[in-house]
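Subject: A structure for you to look at

Hi there,

Here is the structure I promised to pass on. Have a look at it first, and then read my notes on its salt bridges below.

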Amino acid sequence: MRPLRLVWIYPDLLSTYGDRGNLLMLERRARLRGLPVEVTEVNSDQPVPRDGDIYLMGGGEDLPQTLATRRLQADGGLHEAANRGAVVFAVCAGYQVLGMEFGGTDGAQVPGLGLLDIRSGRGERRAVGEIVADVDPALNVPRLTGFENHQGVTRLGPQARPLARTTLGTGNGDGTEGAYAGRVLGTYLHGPALVRNPGLADLLLHWAAGPLPPLPPHAEELAQRLRDERLAAVSPAQ
């Protein structure tokens, strides 16, 4: 069996908020199912592999976000991978990078990668705190829990669907959270997102590797305990 190839893009620029935990979660849940995994971490001075199965990007500050976007545009590897059907998962600044444009440090819009039909700008207030959101039923993923820390406002175009609708927190700023199209998915959720939401991690694995065998019950216990604890912390009724 060929290893499942996980590619962590530009941790030297986009790894400010502990989002590397998403990579660790995917690796762990794949290995617990007996799937061989190959992990590649690609810094911004290295070419992006074209043959990955799941590509991940994290959050970052404004200048590194712009620099990462320009280097990814020049490299072209992520575009090639997404065009052939690879899974792409990006968080916060990485989420904005996937879109058509986002707000730069001077307020001017910066062209994004164009992998998601979204446009992001800078809102009046910073969104900081817990977020809870109900996922698009088509994805069959339980309610999301996470932590947001951004000042972005994101509008979805007709070629993107909201990942979820918020019941607590800001998300995109219009009652929705994140966006997806095909196998490209972005979110504002930290936490890390996939550690707090193992169902979302399994969705990405399913997209990349097909139907997944169940995990041993004891392996699921800690992940579920964290999820339940965070949901209970924001609202005992959740």
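Let's begin with a question: is R50 buried, partly exposed or exposed? With a relative accessible area of 30%, R50 is partly exposed. Please keep in mind that this is a predicted model.

R50 also has a partner: its side chain meets that of D75 in a salt bridge, with 3.3 Å from N to O. D75 sits in helix α2 (residues 62-75), while R50 belongs to the loop between β2 and β3 (54-57), so this pair links distant parts of the chain, 25 residues apart.

That pair belongs to a wider topic. In total, the structure holds 18 salt bridges. Another one joins E41 and R20, whose closest N and O atoms are 2.6 Å apart. E41 is in strand β2 (residues 37-42) and R20 is in helix α1 (residues 20-32), so their contact ties together parts that are 21 residues apart in sequence. Both ends can be looked up by accessibility: E41 is partly exposed at 36%, and R20 is partly exposed at 34%.

Next, find R143 and D134, whose side chains form a salt bridge at 2.6 Å, N to O. R143 has a relative accessible area of 26%, which makes it partly exposed. D134 is partly exposed too, at 31% relative accessibility.

Enjoy exploring, and write back with any questions!

Best wishes

Technical notes
Residues numbered from 1 in each chain as written. Predicted model: local features only at pLDDT ≥ 70, side-chain atom pairs only at ≥ 80, totals over all residues. Heavy atoms only, no water. Salt bridge = Lys/Arg side-chain N within 4 Å of Asp/Glu carboxyl O. Helix = DSSP H or I, 4+ residues; strand = E, 2+ residues; numbered from the N terminus. Buried < 20%, exposed > 50% of the residue type's maximum accessible area, 1.4 Å probe, protein only.
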